[in-house]
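User: Could you walk me through the terms used for this model and how each one is reached?

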Amino acid sequence: MHRFKYKGNSLYCENVKVEEIAKEVGTPVYIYSKNTLLDHYRKIEDALREVSPLICFSVKSNSNLAVLKTLVSAGAGLDVVSGGELYRGKLSGVRPEKIVYAGVGKKRDEILDAIRYGILFFNVESEEELALINRCALELRKKVNVAIRVNPDVGAHTHKYITTGKGHTKFGVDFNTVKRIFRSKWRYRNVNLRGIHIHIGSQIVNPNPFQNAIKKVLKFLKENKIFVEYLNIGGGLGIVYSFEKPQTAKHFAKRILPLIKKSGLKLILEPGRFICGNSGIMVTKVLFRKKTGQKRFAIVDGGMNDLIRPSLYEAHHTIVPVTLPKKGAKKGKFDIVGPICETGDFLAKDRRMKLLDRGDLLAVMAAGAYGYTMSSNYNSRPRAAEVMVSGSKFSVVKKRENYRDLVRGESSG
Ligand code: LLP
């Protein structure tokens with residue numbers, strides 16, 4: 001559920017006309033609904049209330065400060081994967097003991113900074129990284145909490161680029177390595193091995209893979225007499241982009257809560273997309289139309305540099321008109337493509353919709369997660385603006401970039 005709805009012929013975000021935002025701020029523009037963000041955060045919180053989990057919003061999915069502040073004020077912690085995300089976390093006002101830090105390639109400076117800041121956990125992805133964290137902690141005369149990320153080798157039935165819990169991926173360590181790490185605890189005197197972390201993939205629509213992974217990990221811990229206090233089950237809950245029927249938070253909770261309660265472990269989660277995916281849209285304008293022998297194209301002002309998901313994962317985002325056409329309007333099939341000089345620059349292919357006109361505004365739905373955060377300046381295109389709506393008000397929460405922003409830091413050598 002989200003708060004992008006038609007009233008009459010116009011698409012609204014909460015109580016603000018999307019067209020008004022586009023007119024004032026220009027296109028392409030990302031629009032976020034603050035109350036949808038909060039609704040989704042609370043859905044997870046309510047569903048898992050029995051075990052009072054720490055819900056660390058995954059900053060990589062949407063790192064805008066207004067989004068982070070909204071969720072942090074509602075009680076969320078943050079899942080960060082870089083010094084930059086930690087910096088954003090600091091600015092969001094989150095308490096350090098609600099931050100978990102993942103990622104396969106943490107650098108020494110990033111580790112030192114996070115230790116000084118007093119984060120709750122490092123989710124550790126290799127023995128070499130663990131040794132480095134131990135050395136950094138020793139240097140700062142601190143003891144830091146660590147969760148070992150185990151790769152449980154389970155499938156997630158999602159796109160291959162967003163599967164992370166199979167043995168051939170770069171993520172986590174295998175069960176044998178976990179055993180070795182716990183057996184040689186003495187080597188890591190400045191870390192507390194207090195948790196196990198898993199994250200098996202993203203956009204998972206069925207609870208079975210989560211359940212399988214958790215079962216496998218709990219069985220392993222029991223069999224090997226490995227005692228920890230925390231289980232971090234990562235993120236990955238899928239959302240509706242078009243025709244998916246993902247599990248609800250309640251359904252998810254029903255399947256995993258019995259396992260968590262029985263284990264007695266404290267639960268941490270790192271949802272990203274579930275919270276922010278349906279909370280955002282990208283609005284783009286039709287610049288030109290053209291027909292070739294085989295295709296009808298609508299060329300819009302939002303390209304793969306603004307929203308790369310269709311190009312990278314062949315993701316199917318529902319695209320709707322910002323103003324509904326008159327009843328009976330003629331329809332046709334369009335490829336909706338961006339202005340970038342790449343064949344892979346498309347937002348949708350063979351999409352049946354009313355015949356578009358120049359200047360029409362289109363809303364790409366479910367663009368709140370991995371939309372702006374994955375955008376780039378490719379083709380020297382300034383990045384889009386981001387807007388947050390709350391009730392009847394909207395504000396620009398990230399200014400559109402300008403040409404000066406594009407060359408900032410460059411010199412003639
Ligand atoms: N925790 C870890 C360790 C992760 O690697 C991720 C996402 C999450 C949590 C949050 O996952 P979520 O709940 O959002 O599924 N760019 C891709 C998704 C990449 C996900 C990367 N890791 C996309 O647009 O589909």
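This is a predicted model: local features need pLDDT of at least 70, side-chain atom pairs count only at pLDDT 80 or more; totals for chains, interfaces and linings use all residues.

Analyst: Residues are numbered from 1 along each chain as its sequence is written, and side-chain values use heavy atoms, with hydrogens and water left out.

User: Thanks! Why is Ser-33 called buried?

Analyst: Buried means under 20% relative accessible area, exposed means over 50%, and partly exposed is in between (1.4 Å probe, protein chains only). Ser-33 has 0% relative accessibility, so it counts as buried. Ser-33 belongs to strand E4 (residues 29-33); helices (H or I, at least four residues) and strands (E, at least two) are DSSP runs, numbered from the N terminus.

User: And what makes Glu-342 partly exposed?

Analyst: The relative accessibility of Glu-342 is 36%, and therefore Glu-342 is classed as partly exposed. Glu-342 sits in the loop between strand E16 (331-337) and strand E17 (346-354).

User: Which residues are in contact with Glu-342, leaving aside its neighbours within four places in sequence?

Analyst: They are Met-304 and Tyr-378, where contact means heavy atoms within 4.5 Å. With sequence neighbours within four places again left aside, Ser-33 is in contact with Arg-3, Phe-4, Cys-13, Glu-14, Ser-279 and Val-389.

User: How do you know that strand E9 is mostly covered?

Analyst: Six of the six residues in E9 (residues 144-149) are buried. On one side these are Val-144, Val-146 and Ile-148, and on the other Asn-145, Ala-147 and Arg-149, so both faces are covered. In a regular strand, side chains alternate between the two faces of the sheet.

User: What makes E8 and E9 a pair?

Analyst: Two strands pair if DSSP finds at least two bridges between them. Strand E8 (residues 121-124) and E9 have three bridges, in the parallel sense, so they meet that rule. One example is Asn-123, whose bridge partner in E9 is Ala-147. E9 also pairs with strand E10 (residues 191-197), in the parallel sense over six bridges, and there Asn-145 has Asn-192 as its bridge partner.

User: Why are E1 and E3 said to stand at the edges?

Analyst: The open sheet has three strands in the order E1-E2-E3, with antiparallel pairing. Strand E1 (4-7) and strand E3 (16-17) each have a single partner strand, so one side of each is left without a neighbour in the sheet. Strand E2 (residues 10-13) is joined to E3 by two bridges, and Tyr-12 has Lys-17 as its bridge partner in E3.

User: How do you know that the buried residues of H1 line one face of the helix?

Analyst: In helix H1 (residues 18-25), Val-18, Ile-21, Ala-22 and Val-25 are buried. Seen down the axis of H1, these buried residues fall within an arc of 100°, so they line one face; the arc is that of the directions from the helix axis to the C-beta atoms. The face turned away from the buried side carries the exposed residues Lys-23 and Glu-24. After H1 comes Gly-26, with a positive phi near 90°.
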